[in-house]
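Welcome, and thanks for taking a look at this one with us. Below is a short tour of a few local features, grouped by topic.

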Amino acid sequence: MAENYTKTKARIMVYTRETDAAQYPAGLSRSIHLACSRDGKYYEALNNNYGILFAEAAVDDADIIHAKGVKNPRIFVMPEGGFGIVAVRVNEDGSADEDSRGSVLLWTTADFKEFKKIGFLPLHGDAYVERAQCRYDKNTGGYCILWQDDLGNSYQNEVKDICSLTGISPAHPGVYTEELPGQAPEGAEKGNSVEISAQLCDETALYWNRLYSVKVQVPKRIWARTASEVEKVRASVLYSDGSSVQKQVKWELDGLDFQHQGTFRTRGTVQNEQYQFPLACGFGDPVIFPWEGRYYFIATNDNLNDVGFYVRESEDVAGLFREDTQQHLILGLDEERGFVQTFWAPEFHVIGGELYILFAISGKKWGPQCHLMKLKKGGSLIDPESWEEPVRIRKKDGSFLTEDGITLDMTYLKAGERSYVVWSYRRNIGTPYDTGSMLYIAEVDEKQPWQLSSEPVLLTRPLYGWENVNHTINNEGPYAFIADGKVYLTYSGGAADGYTYALGLLTADAKDDLLDISVWKKRCTPVLSYYSVEGIYGPGHNSFFTDAQGNLMIAYHAEDALEHHLRCDGIHRVHFNIHGEPVFDLSAKRDLDPALSQVEMEVIVG
């Protein structure tokens, strides 16, 4: 029976985790986690035991964000296919949430990859719900919701269409009983589990668990007349989800004789250029930029108290991080020009055929604001005289981006024929009325990118627990790339110099109007966190570039230990999974298992 169960059926469990203020704080622990079991007894955590589904924060009339979490999640099967999840919303510290009194949150999902928030199910306006479960009743053609309040009283409600959030019967006395799952993942505060197909279990585990290389293939034999024809042969690296990538091979050519016909065997080593973390310490918000056959590096320089923009130049990426690589100051401290502090987040961008740097800076009074400066015709990136005077970004009406807050981390993207900028904006920082940093988007004219050509539109706020860990209230560091007609806009949340910093993702079709917020989809859980890549803590504020082999690479800052706060730089390859979606957390070892790096093939000369 157990063998048949493993082959055809499985179970999936929902749960939260115990809070550990030093390693897994409440903003993370009070989210919904998933685990799968193939024998119905032992459960394996998905997403590396990191939260998958987060409750949104509440925003009050003063525009202040109040962080929320969940407790006691329960999953149920829906008759039309798919699943529902109910959970009690609580304040971040776990205390009762007055705003959701008498109700539970409801989500639905068809595949455990994407989730739809339905809203609050009203059960009893006067009671605090402690836990609730839901099941479909074939006899009545509706749902039965059993629940307990904080005093231990049990109740029951009925509803036909649960997703409508209406037509729910008044609460009446009920009997609340349930059987919780078997062995749960480490630190789990158990929810319940339901039966799913083994196929769905496998697909869900494949989606949420780390990818890794499983096989390397090269041709069994090739016909070649020159060494260069052999050198062009690449290896195909296959991954656990069925995706693949082509990698260069360093072939041993000494045993090949291209002057005479014959058959030879040659060996090779699959190349997997990787960059050992940390590459450089004391530099945040790193950008690596290929330009006219060379590579350039620019970042926020924490080693100099974030004063001055310094550029490195090299023939290759590795050379940017050699100890003897010179740093060139292109914009320094200048009180007369109002450049005094917060030299933050510089980015190179080509806009309308011209090269610019987008950055934030403050004068004597603290308060970073977005600026740009343009490279003169024929100028050098490392020559301060080659850059025009910095210009502060203005809105469509000619006024500055803000007069009542700070602006920073501006980035640029072009989708179709339209150009956009995205930046972070925050009001009342350091006060009880702090709005948190939020991302705005606007259109610009390539001919004058220092002035918006549309009104700013709010794109995202830090409403999820991972974005607002320990009241960091943070959405910042946006950066985009386009692949297969889709815009991928990453951004960061959590503490910028701590282990909770993480990378979020917004996506939209490149053909759509990106000022229309409805076209954007925001992923609920981070795509890169301290649970993603071994030995890297708090990865975030990233950029993207293409290396010499044509690979899309991600550069980011992170810490090298859980308790450290020194921002250091890292780089690794962005993979594309079997569905064509980017994978941001592929470590060097999982990118190519060293045990798979040796290959051989037959070379026929003649």
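A cavity here is a set of grid points where a 1.4 Å probe fits but cannot get out, and its volume is the space filled by probe spheres set on those points. With that in hand, please keep in mind that this is a predicted model. The largest cavity holds about 30 Å³ of space.

**The cavity**
- Searching the whole structure turns up one cavity of 30 Å³ or more.
- Its lining is made by D285, P286, V287, A345, P346, E347, H541, N542 and S543.
- Strands β21 (283-291), β25 (341-351) and β37 (537-546) are the elements that each contribute two or more residues to this lining.
- By residue class, the lining of the largest cavity splits into four nonpolar, three polar and two charged residues.

**A four-stranded sheet**
- Four strands form an open sheet in the order β16-β42-β20-β19, and their pairing is mixed.
- The edge positions belong to β16 (221-224) and β19 (249-251); each has a single partner strand, so one side of each is left without a neighbour in the sheet.
- On average, neighbouring strands of this sheet are turned by 40 degrees against each other, direction ignored.
- Strand β19 runs antiparallel to β20 (residues 262-270), and three bridges join the two.
- Within this pair, K250 sits opposite T269 of β20.

**A buried histidine**
- H572 belongs to strand β39 (residues 568-573).
- Its relative accessibility is 3%, so H572 counts as buried, the cut-off being under 20%.
- A polar atom of the H572 side chain lies 2.6 Å from the backbone oxygen of F584.

**Backbone geometry worth a look**
- As background, most residues other than glycine have a negative phi, and most peptide bonds are trans.
- The peptide bond between F277 and P278 is cis, with omega at about 0 degrees.
- P278 lies in the loop that connects β20 and β21.
- N47, which is not a glycine, has a positive phi near 55 degrees.
- You will find N47 in the loop between β3 (44-45) and β4 (58-59), where N47 is buried with a relative accessible area of 11%.
- F112 is another non-glycine residue with a positive phi, at about 65 degrees.
- The loop between β8 (103-109) and β9 (115-122) holds F112, and F112 is buried, with a relative accessible area of 0%.

Notes
Residues are numbered from 1 along each chain as its sequence is written. This is a predicted model: local features need pLDDT of at least 70, side-chain atom pairs count only at pLDDT 80 or more; totals for chains, interfaces and linings use all residues. Side-chain values use heavy atoms; hydrogens and water are left out. Two strands pair if DSSP finds at least two bridges between them. Axes are lines fitted to C-alpha atoms, for helices over the stretch in contact, and angles run from 0 to 180 degrees between N-to-C directions. On a 1 Å grid over the protein atoms alone, a cavity is a set of points where a 1.4 Å probe fits but cannot get out, and a pocket is an open set with protein on both sides within 12 Å along at least five of seven lines; lining residues have an atom within 4 Å of a point. Ala, Val, Leu, Ile, Met, Phe, Trp, Tyr, Cys and Pro count as nonpolar, Asp, Glu, Lys and Arg as charged, and the others, Gly among them, as polar. Buried means under 20% relative accessible area, exposed over 50%, partly exposed in between (1.4 Å probe, protein chains only). A polar contact is a pair of N or O atoms within 3.5 Å; within protein, one must be able to donate a hydrogen and the other to accept it, and residues adjacent in sequence count only if both atoms are side-chain atoms.
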